[in-house]
Amino acid sequence: MSTIADSRTALRICPLCEATCGLTLTIEGTRVTSARGDRDDVFSQGFICPKGASFGAADGDPDRLRTPLVRKDGELREATWEEAFDAVAAGLRPVVERYGPHAVGAVLGNPNVHTMAGALYPTVLLGGLCTHSLFTASTLDQMPKHVSSGLLYGDANAIPVPDLDRTDHLLLIGANPLESNGSLCTAPDFPGKLKALKARGGTLTVIDPRRTRTAKLADRHVAIRPGTDALLLAAMAYVLFEEELTDLGELAELVRGTDELREAVRDFTPEAAAEACDVDAGTIRALARELAAAPTAAVYGRIGSCTVPHGTLASWLVDILNILTGNLDRPGGALFPQAATDRTPRPAGPGHGFALGRWHSRVSRHPEAKGELPMAALAEEIDTATAEGEPIRALVVIAANPVLSAPDGDRLDKALGSLDFMVSVDPYLNETSRHAHVVLPPPPPSQSPHHDFAFNTLAVRNQVRYTPAAVPLEPGRMAETEILARLVLAATGMHGADPSAVDDLVIGQTLGKAVKEPHSPAHGRDPRELAAQLTGETGPERRLDMMLRLGPYGDGFGVRPEGLTLEKLLDQPHGIDLGPLQSRLPQPLKTRSGLVELLPQPLADDLPRLRDALRRRPEGLVLVGRRHLRSNNSWMHNIPALTGGTNRCTLHIHPDDADRLGVTDGAPVRVKGAGGEVVAPAEVTDAVRRGVVSLPHGWGHDRPGTRTTHAAENPGVNVNQLLDGSLLDPLSGTAVLNGVPIDIAPTGTTP
């Protein structure tokens with residue numbers, strides 16, 4: 001048993017949301033007993049939210065699986081790691097060999113981007129499987145932004161972020177960072193940054209159908225009709241053109257298509273958009289004028305403007321407004337971050353561009369986007385036979401729970417039960433992993449090292465941090481990086497090989513390419529000699545060292561002695577500040593023209609659908625989602641400290657709608673949508689506008705066969721069961737989760 005004398009502290013970057021705050025953990029023996037903000041962290045400077053403060057409870061959750069599970073005689077039973085990987089190889093390889101690679105699907109959940117393992121190994125797995133059947137949480141979240149960035153800039157990962165620390169005017173649409181801590185915009189203490197904006201005389205505008213905590217802080221809150229974000233943004237672009245408020249500044253020589261864009265938005269007058277958006281024309285004009293008049297400004301849209309019928313157009317128009325006002329790629333506007341592990345910057349010039357629809361889903365013929373098919377199509381790709389090829393017969397699921405996060409979980413639940421084989425990498429036996437034939441549980445986060453590969457590419461300040469594991473790996477545990485490396489080997493016909501072979505393969509391939517690239521600091525050198533210089537105690541650390549050395553701040557394997565290496569990073573446990581965001585165009589552009597393409601053809605082709613929406617005004621109630629500071633999708637509901645209070649699964653409804661429908665506060669209400677119905681307690685509040693109701697995302701922990709004790713005690717309802725999966729943004733394949741028509745009635749009556 002540990003004693004106070006055993007107590008020590010260790011640093012850890014928080015993996016529980018996109019803010020990536022630095023933590024100081026107190027550890028007694030091998031148990032994390034408390035967490036506080038690391039005041040010396042170069043990025044977060046001591047900020048912490050309730051999730052970070054509950055790190056120890058999440059880390060030590062007794063429901064976390066400790067050993068692999070293998071299905072025998074219909075039941076999941078504890079097994080050794082050897083038995084588990086034997087079962088994976090025996091389950092996956094015959095499917096590939098008999099039915100082909102596309103009969104094996106892969107599902108990647110949001111937690112993958114919060115771990116080193118999730119960043120380093122799934123791409124290797126997908127490359128080895130050669131499957132087109134990839135589904136990720138992106139098509140339930142941010143894929144519209146990837147697609148619009150790909151079409152605008154030629155790179156789906158070139159996403160500009162608002163320069164929060166220097167902007168004079170910030171317009172948020174469909175974003176609630178006081179609850180989410182930010183998304184596609186990595187910013188510790190987002191609330192503090194918004195308050196600092198106002199303190200220096202800046203302006204905060206929030207466009208949201210709910211009066212969120214963020215909206216309450218705003219100078220102007222516009223309660224838009226859900227799902228009409230693109231119409232309002234297009235009308236703002238119209239005003240900028242009509243009133244000659246456009247000023248591209250230094251961007252003028254880097255863009256093409258301005259005249260075509262002006263013509264494309266000419267039908268979206270404020271007067272035409274006002275009725276559909278339920279925002280008066282004068283307000284729309286004021287929004288555009290204020291944006292243009294600000295010394296610096298940034299428009300930022302998130303999930304509320306992504307998970308709607310015109311999500312890609314809305315994401316595109318966010319950047320269009322930044323471009324037309326000259327605020328893209330300038331301090332105080334929206335800039336492209338430069339992460340320390342980014343590839344060696346290549347000279348500016350034309351690239352290969354970005355393409356959509358390189359293949360299609362088998363059943364509904366959905367086009368791929370960024371190599372992915374819509375998560376909403378996963379069930380039909382499993383349970384529906386067609387002449388277009390084999391259905392998915394085996395599934396690799398890594399840190400994903402689509403039964404709760406995707407539309408029509410009931411159908412997907414049944415489909416998963418019909419698979420020939422399924423392997424799930426997950427710390428819990430949850431609503432999805434309960435169907436697996438093999439469950440491979442990663443260790444708690446305290447026992448894993450951490451570096452943010454993805455989130456540093458979205459950070460509002462350039463910096464680099466790495467924290468080794470705070471607690472040694474427990475006996476019987478396997479590092480998550482080794483789990484995924486062994487999964488790669490088992491799935492690709494190399495079962496039994498040393499897992500270090502995966503890292504060695506990646507290092508060899510990466511350095512082999514680098515020495516052939518004229519712009520690389522490794523050009524013309526011997527890749528074997530370069531590999532021998534890498535430091536690190538593990539394969540993942542050696543890969544991190546390689547990426548740092550080859551990156552924009554790296555030492556180039558000795559070419560720039562002052563540059564970054566893993567050793568230098570380890571010497572700075574609180575991180576290394578790399579400075580504020582800088583103007584980077586045209587270097588990030590990879591379009592075939594080498595310019596910003598203001599009106600790419602796929603977007604132009606989708607505009608008639610948006611014009612049709614000008615004439616529509618949905619009758620009845622529409623549903624929107626809701627996020628909470630103490631929750632992250634379906635992750636956190638098994639942690640007692642993070643549930644209860646305001647973090648409850650209730651239906652928010654405006655008092656006028658409640659009176660009209662006979663709904664009373666606290667009473668159960670039946671909610672019916674195209675995909676089914678749920679019953680949830682009503683919470684009457686004027687925080688939602690009339691005609692809108694809101695249910696939170698990620699609940700519904702009431703299915704049998706799970707092992708999440710606390711979550712099952714207060715399961716809530718699965719809001720996504722109200723959806724049948726038929727509503728998608730056609731360009732990105734993203735499920736429409738907001739602005740969905742529904743009917744409600746008190747229980748005992750029919751909606």
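Analyst: Two strands pair if DSSP finds at least two bridges between them. Strands (E, at least two residues) and helices (H or I, at least four) are DSSP runs, numbered from the N terminus. This is a predicted model: local features need pLDDT of at least 70, side-chain atom pairs count only at pLDDT 80 or more, and totals for chains, interfaces and linings use all residues. Residues are numbered from 1 along each chain as its sequence is written, and side-chain values use heavy atoms, with hydrogens and water left out.

The open sheet has seven strands in the order 5-4-17-16-15-6-7, with mixed pairing. Strand 5 (75–78) and strand 7 (134–136) are the edges; each has a single partner strand, so one side of each lacks a neighbour in the sheet. On average, neighbouring strands are turned by 15° against each other, direction ignored.

Strand 6 (residues 104–108) pairs with strand 7 in the parallel sense, over three bridges. Here Ala106 is opposite Leu134 of strand 7.

Strand 4 (residues 69–72) pairs with strand 5 in the antiparallel sense, over four bridges. Val70 is opposite Arg77 of strand 5. The hairpin of these strands has two residues between them, and Asp73 takes a positive phi near 55°.

Helix 19 (residues 480–491) lies across strand 15 (394–398), strand 16 (421–425) and strand 17 (438–440). Helix 19 runs at about 160° to strand 16. Axes are lines fitted to C-alpha atoms, for helices over the stretch in contact (heavy atoms within 4.5 Å); angles run from 0 to 180 degrees between N-to-C directions.
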